Amino acid sequence: MVDATTGQGGHSVLFGKNLGPAGVIIGLDVDKEAIQRAQFILKDLSCKVILLHSNFSRISEEVHEQEIEKVDFILADLGLCSAQLADSRMGLSFLQDMPLDMRIDKRIKRTAADIVNKADEKSLADLIYEFGQDRASRRIARFIVRQRKSGPIKTTGQLAKIVCRALGKASRGHRSRIHPATRTFQALRIAVNDELENLKELLDSSPGLLKKNGYIAVISYHSLEDRQVKYNFKQNEKDSIYRIITKKPLVPGREEIAENRRARSAKLRIAQKQ
Ligand SMILES: C[S@@+](CC[C@H](N)C(=O)[O-])C[C@H]1O[C@@H](n2cnc3c(N)ncnc32)[C@H](O)[C@@H]1O
């Protein structure tokens, strides 16, 4: 199987325990430190574990480089781990003040600060609208451009405050369900890490990598990703390549959300190769 988003290795451990010595897990992650941690967590599994610091957009190349032609299962649990959100080197959180970075893979050249300080106002507004689905995108972009005239925006805290000011909301004690800066931060993260393009490449490569009756399972956390997965599976079903197992996505119940609040937006879709 391929765990396309190994993270803390939680899913790989569960699957690995059931695979036995004949099984092989190829684990990918763009976060080098996650791969190093997973190496330790997965060391006692009896199956073979191959962990690679790689983007899942390269899934075909990575699997073929291991001289494996096809796999039984592809799993992708998109987005981020809680540890990454809290890690100041990632620069992802608006709840703590961190350098405005957002590159999960440090091999990427352009940071969120580069975009925020260099993009023209229209491009910024379009990005916040397209990837953040924030209807106040123009106003937020205007406030960012005005603010950066008096010096570069360097931290997540600075950016969060600017967005709150643009929306006329306080950064603490806001009433809405989500923090006012959530959508702008999501937009920048998607842009910096090229998330939608990577997902497209993963979805496009998967049919060619799966054995007959093999499965692909994708957990997404926002509607832009989920829409992509949904349409890819539907198109592949139309072309008799997949059979969709989850007519509606599986979502966590109340108890699971109470235990793990970050799971609240998760949607799991599964398809089987015909
Ligand atoms: C939600 S976490 C996965 C958690 C994992 N399932 C576990 O049990 O610990 C998502 C992981 O995907 C990684 N990731 C995000 N985009 C990626 C990509 N394009 N290619 C490979 N890994 C990616 C992140 O670095 C993060 O570690």
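**Reading the sheet and the chain**

Modeller: Strand 1 (residues 2-3) and strand 2 (residues 24-29) pair in the parallel sense over two bridges; strands are DSSP runs (E, at least two residues), numbered from the N terminus, and two strands pair if DSSP finds at least two bridges between them. Val 2 stands opposite Ile 26 in strand 2. This is a predicted model, in which local features need pLDDT of at least 70, side-chain atom pairs count only at pLDDT 80 or more, and totals for chains, interfaces and linings use all residues. Residues are numbered from 1 along each chain as its sequence is written, and side-chain values use heavy atoms, without hydrogens and water.

Biologist: In what order do the seven strands form the open sheet?

Modeller: The order is 3-2-1-4-5-7-6, with mixed pairing. Strand 3 (48-53) and strand 6 (242-244) stand at the edges with a single partner strand each, so one side of each lacks a neighbour in the sheet.

Biologist: Which strands does helix 2 (residues 32-41) lie across?

Modeller: Helices are DSSP runs of H or I, at least four residues. Helix 2 lies across strand 2 and strand 3, running at about 165 degrees to strand 3; axes are lines fitted to C-alpha atoms, for helices over the stretch in contact (heavy atoms within 4.5 Å), and angles run from 0 to 180 degrees between N-to-C directions.

Biologist: What percentage of the 274 residues of the protein chain count as buried?

Modeller: Buried means under 20% relative accessible area, with a 1.4 Å probe and protein chains only. The share here is 49%.

Conventions. Buried means under 20% relative accessible area, exposed over 50%, partly exposed in between (1.4 Å probe, protein chains only).
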